[in-house]
Amino acid sequence: MDVNKVIIELENVRKEYHMGDNIVNALDGFSLQINSGELTSIIGPSGSGKSTLMNIIGCLDRPTSGSVFLEGNDISLMNDKQLSRIRNHSIGFVFQQFNLLPRLSILENVETPLMYAGVKASKRKKMAEDALNKVGLGERISHKPTELSGGQKQRAAIARAIVTSPSLILADEPTGALDTATGEIIMNLFHQLNNEGRTIVIVTHDMEVSEKCERIIRVRDGRMEV
Ligand SMILES: Nc1ncnc2c1ncn2[C@@H]1O[C@H](COP(=O)(O)OP(=O)(O)OP(=O)(O)O)[C@@H](O)[C@H]1O
Ligand SMILES: [Mg+2]
């Protein structure tokens with residue numbers, strides 16, 4: 001793992017939303033560098049632009065202006081197919097509400113990104129089982145999401161995020177729907193994944209969560225607070 005290599009670079013990124021005659025400046029000139037291997041938290045009030053920032057870093061959305069580089073590649077030069085390939089292979093996403101597919105078992109949920117990546121069935125199952133073992137859910141693989149606790153659902157979602165071995169994990173309020181003790185278990189899991197060399201960015205409202213990260217980025221009104 002190439003530590004200190006810049007993995008994410010934003011230069012003067014703006015994101016405007018047009019709402020009738022109003023323009024919302026969700027990101028108002030945001031510049032940022034994140035190095036490979038960092039564990040970073042992004043904290044700021046509701047509406048300050050945190051999710052917008054994560055969506056842009058995660059190639060789920062494009063900026064109105066400014067540049068975004070992922071591993072040195074300018075994403076504005078990529079077409080939608082190339083962006084979806086980066087999302088599928090290089091980034092793992094974790095969300096507040098877990099976003100597990102309710103009709104699928106936990107194992108099938110974790111296999112989903114591998115299906116999109118074209119991994120064949122037998123290999124997929126083994127990789128998904130390995131990821132579930134890693135998050136301590138090896139015993140629950142045939143359960144449906146509704147049959148799990150909140151913390152178990154989030155561990156399943158983390159297994160899904162790491163199953164393709166992405167270099168970058170983006171988590172938007174991953175402990176927001178969990179009680180404090182369960183949130184701590186999830187944060188310990190992120191620390192473990194970070195110790196293995198993964199770059200992790202966590203959006204949170206919670207100072208206790210952000211203080212457990214080596215780096216804190218504060219966002220206010222679409223800008224980085226310094
Ligand atoms: N699709 C959209 N259309 C219009 N405005 C939007 C859209 N998405 C976000 N916004 C606006 O952009 C601003 C930033 O929103 P964002 O979701 O990034 O905030 P946030 O920091 O994630 O807030 P929270 O902590 O509540 O999740 C807000 O003023 C929001 O209303
Ligand atoms: Mg948000």
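Student: Where is the place of Asn12?

Tutor: Asn12 sits in strand S1. Keep in mind as we go that this is a predicted model.

Student: What is the phi of Asn12 like?

Tutor: Asn12 is not a glycine, yet its phi is positive, at about 50 degrees.

Student: Is Asn12 buried, partly exposed or exposed?

Tutor: Asn12 counts as partly exposed, because its relative accessibility is 48% and exposed would need over 50%.

Student: And Asp221, where does that one lie?

Tutor: Asp221 is in the loop between strand S9 (215-220) and strand S10 (223-225). Its phi is positive too, near 50 degrees, in a residue other than glycine. With 59% relative accessibility, Asp221 counts as exposed.

Student: Back to S1. Which strands form the open sheet with S1 in it, and in what order?

Tutor: That sheet has 4 strands in the order S2-S1-S4-S5, with antiparallel pairing. Strand S2 (22-35) and strand S5 (73-74) each have a single partner strand, so one side of each is left without a neighbour in the sheet.

Student: How many bridges are there between S1 and S4?

Tutor: Strand S1 (residues 6-19) and strand S4 (residues 65-70) pair over 5 bridges in the antiparallel sense. If you want a spot to look at, Glu9 stands opposite Phe69 in S4.

Student: Which helix packs on that sheet?

Tutor: Helix H1 (residues 50-57) does, touching S1, S2 and S4. The direction of H1 makes about 125 degrees with that of S1.

Student: Got it. What about the other sheet, how many strands does that open sheet have?

Tutor: There are 6 strands, in the order S6-S7-S8-S3-S9-S10, and the pairing is mixed. S6 and S10 are the edge strands, each pairing on one side only. On average, neighbouring strands of this sheet are turned by 25 degrees against each other, direction ignored.

Student: In what sense do S7 and S8 pair, parallel or antiparallel?

Tutor: S7 and S8 are parallel, with 5 bridges.

Student: Let's go inside. How many residues are in the largest nonpolar core?

Tutor: It has 34 residues, and those with the most contacts inside it are Ile158, Phe190 and Ile202. H5 gives the most to this core, with 6 residues. A second, separate core has 28 residues, including Met54, Ile86, Phe93 and Leu170. In soluble globular proteins, nonpolar side chains tend to be buried together.

Student: What is Ile202 in contact with?

Tutor: Leaving aside neighbours within four places in sequence, the contacts of Ile202 include Ile42, Ala171, Met187, Phe190 and Cys213.

Student: Is Ile42 buried or exposed?

Tutor: Ile42 is buried, at 0% relative accessibility. Ile42 lies in strand S3 (residues 39-43). Beyond its neighbours within four places in sequence, Ile42 contacts residues including Leu53, Met54, Ile202 and Val219.

Student: Changing topic to cysteines: how many disulfides does the structure hold?

Tutor: It holds 0 disulfides. Cys59 is buried, with a relative accessible area of 3%, and Cys213 counts as buried at 7% relative accessibility.

Student: Which residues of helix H2 are buried?

Tutor: In H2 (residues 80-90), Leu83, Ile86 and Asn88 are buried. The buried residues of H2 pack against S4, strand S6 (91-95) and helix H3 (106-116). At the start of H2, a side-chain oxygen of Asn79 comes to within 3.2 Å of the backbone nitrogen of Lys81.

Student: Last one: why does Gln152 count as buried?

Tutor: Gln152 counts as buried because its relative accessibility is 15%, and the cut-off is under 20%. You will find Gln152 in helix H5 (residues 150-162). Not counting residues up to four places away in sequence, Gln152 touches Leu137 and Arg140.

Methods:
Residues are numbered from 1 along each chain as its sequence is written. Chains are lettered from A and ligands numbered from 1 in the order in which they are written. This is a predicted model: local features need pLDDT of at least 70, side-chain atom pairs count only at pLDDT 80 or more; totals for chains, interfaces and linings use all residues. Side-chain values use heavy atoms; hydrogens and water are left out. Two strands pair if DSSP finds at least two bridges between them. Helices (H or I, at least four residues) and strands (E, at least two) are DSSP runs, numbered from the N terminus. Contact means heavy atoms within 4.5 Å. Axes are lines fitted to C-alpha atoms, for helices over the stretch in contact, and angles run from 0 to 180 degrees between N-to-C directions. Buried means under 20% relative accessible area, exposed over 50%, partly exposed in between (1.4 Å probe, protein chains only). A polar contact is a pair of N or O atoms within 3.5 Å; within protein, one must be able to donate a hydrogen and the other to accept it, and residues adjacent in sequence count only if both atoms are side-chain atoms. A disulfide is a pair of cysteine sulfur atoms within 2.5 Å. A nonpolar core is a set of buried Ala, Val, Leu, Ile, Met, Phe, Trp, Tyr and Cys residues joined through side-chain atoms within 4.5 Å.
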